[in-house]
Amino acid sequence: MAGGFGEGFGSGVSDGATLGLADKVGPFSGGGGRFKRRSDNKTVTFGDSSAVHSKPLWSLLALILLMAAWYLTTHAFGLPGDVIDAAKAEDSRTHAAAVEKHQEAVDAFEVELAAYEVEAEEARAAGEDPPDRPDGPGKAPRKSPTSDKQFVTACNADPDCGKEAYTQIFRPTQLPTPRDTWNGFFTLSTVGFRNITIWEHTRVSLWRVARGMFFGTIVGVPIGMAMGLSSRLKSLFDTPVELFRPIPPLALIPLAIAFFGLGDRPAVRLLIFASIWIMIIAARSGTQAVNLSKVRAAYSLGASKWQVLTRVVLPNALPELFTGLRVALGVSWGTLVAAELVGTDDGLGAMIFAARQFFRTDVMVVGIVIISVLGVLMDIGLRFLEARLVPWRGKG
Amino acid sequence: MKELLAHELGMVYQVPKGEPVTALHDVSFELEGGRLLTLLGPSGCGKTTLLNVMAGFLAPTSGGVFLGGEPITGPSQDRGMVFQQGALFEWLTVAENISFGPRMNRVRKGEYNETVDDLLETVGLQGFGDKRVYELSGGMQQRVALARCLANDPDVIFMDEPLGALDALTREKMQGLVLQLWQETGKTVVLVTHSVEEALYLGDRMFVMAPRPGRIEKEYELPFAKIGLEVEPRELKASPEFIETREEVLSMIWDMEEQIMGGSN
């Protein structure tokens, strides 16, 4: 064994001394060999879960690999010439032509309008009815695509407008490149999509999740705790809970729309449905996990039933409730996007779904990335809260 | 000091699909106030059941327990309880655990703060008031449990194997603390233990209990607890009287264990 020399010398001394010696002994010691010696002197690490911890550099590597995969699959690297820029130049030419054509139409219309004014004046002077105005419905070009940003906005009212121009950059059969996605994100955060910025979409989605989780929790937790405390209530609620729990909230979207119409209400109610069963079960098992000794200790210290409930059973269930919150948040987030796909005009899901009509794959990807990042951030936030609020978790 | 009286206590557990188990059969005794009674016996002799009946956590199927002439029908702050482990409230600090009883009884903060400080000193945990209980060692946690129980100034303190989960050295130290608290406060203490040595050393009175049905097999009046703090504990435990009693009790318990093994085969 390579480390024998150093170990033999240091065996009677403290750990630190062993290490110091091993480092100096050179090629025959564990410290100076080809393999770097671990600081905790473990000889067995494969299979030892305590030897598995996070290595930030490897996490970074994973992120880099993901980005590289994205670049490669979208052919952002290694293509002869700059296809994307060529496509963009082509697009701006097409767009410029469109603007020019539009301007011609506007000019022509203005000439027509001026002629009309003269005609109408003459008619009025002659005491006759004036002729129909030329700018009746559908007759005049009212939208004016003067800039790229406004062009996007102008498309909101007309699904067909600008379709050709954009399909040249964003091929619907292919992921948008990271750069296009970044540009899309920039436009979305300043101008927005369908006149609503990405921040507004995000705010609407988060607010829906917050309401759904709030009501799911304040209704679910008391029911779950009651189930953990009373045989009658447990038996009463067990059947509905077990029957409703396996229903995927997505299966209820059509029913929710039929009952509550489109918009905010069905989405929030679906989210309550998504989180309530999870919270009931978390509260039930948290309540049942209470140590009988703790309850008895509280009673023999003079606590009333209510005090035992609020001062012992509830705090004791907090770790389980936090686990429930994290699970419910994940499920709610997924359900929300699906509910918004169908039933609402705003929110990230609605934005992604609407982008489909304009082949705006960049908008879709921006929405997807935001959903992913927010999901991670919310989980980190809850874990942070958990560490602050239930520091005794796993130590009891 | 109030007297603790058990009158013809019986406890029969109904087992689904099986013979009913008699955990306690006709247990009667009188315990004068201020005594330290230890309950000793093999597993299944009903010592913890007896403790839970006296604490009011279980209602006996026959007979009754009386404290100062009043029947015991449920838990109350007159009777404190110290558990083996896991009964502290992890979400509270040491000081908050100790003040739990007074707070439940709506004692004002200014009044119990002093009590908490005194108790921290009594159990040797000065300066640990703001620590979380899970940051303490097992022995320190049991010190908190003792202090928490004393904060309500109960008439009787029940201890269910309070030192059972501690290592040997800590256990000996904590035995000294139990004796010290008993002598200083003059409270009635009933302590359940598995350890013959502990039962002899701490008990000023001792019941050896026997199983099937759970009953009091033999009663001892013991001299060791009264002098336990004045004499070196190891010396006392090595004295001929101590060893003689210990061997006698041990052989009695061995006989019971053998009977159980024989009976079940």
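Tutor: The largest pocket has a volume of about 580 Å³. A pocket here is found on a 1 Å grid over the protein atoms alone, as an open set of points where a 1.4 Å probe fits, with protein on both sides within 12 Å along at least five of seven lines. Its volume is the space filled by probe spheres set on the points, which are joined across faces, edges and corners. This is a predicted model, so local features need pLDDT of at least 70, side-chain atom pairs count only at pLDDT 80 or more, and totals for chains, interfaces and linings use all residues. Residues are numbered from 1 along each chain as its sequence is written, chains are lettered from A and ligands numbered from 1 in the order in which they are written, and side-chain values use heavy atoms, with hydrogens and water left out.

Now the lining. It takes 16 residues, each with an atom within 4 Å of a point. Nearest the centre lie A:Met67, A:Trp70, A:Thr181, A:Val365 and A:Val369. Three helices of chain A each supply at least two lining residues: H3 (56–73), H7 (178–190) and H15 (361–389). Helices are DSSP runs (H or I, at least four residues), numbered from the N terminus. H15(A) gives the largest share, with 7 residues.

What classes make up this lining? The count is 14 nonpolar, 2 polar and no charged residues. Ala, Val, Leu, Ile, Met, Phe, Trp, Tyr, Cys and Pro count as nonpolar; Asp, Glu, Lys and Arg as charged; the others, Gly among them, as polar.

Charges do pair elsewhere. Over all chains, the structure holds 33 salt bridges. Each is a side-chain nitrogen of Lys or Arg within 4 Å of a carboxyl oxygen of Asp or Glu. One joins A:Arg208 to A:Glu340, with the closest N and O atoms 2.6 Å apart. This pair links distant parts of the chain: A:Arg208 sits in H8 (198–229), A:Glu340 in H13 (305–343), 132 residues apart.

Finally, look where chain A meets chain B. The contact (heavy atoms within 4.5 Å) takes 20 residues from chain A and 26 residues from chain B. B:Trp91, B:Met104 and B:Tyr134 supply 33% of the area that chain B buries there, more than any other three residues. Buried area is the accessible area (1.4 Å probe) that two parts lose on being put together, summed over both. Across this interface there is 1 salt bridge. It pairs B:Glu90 with A:Lys294 at 3.3 Å, N to O.
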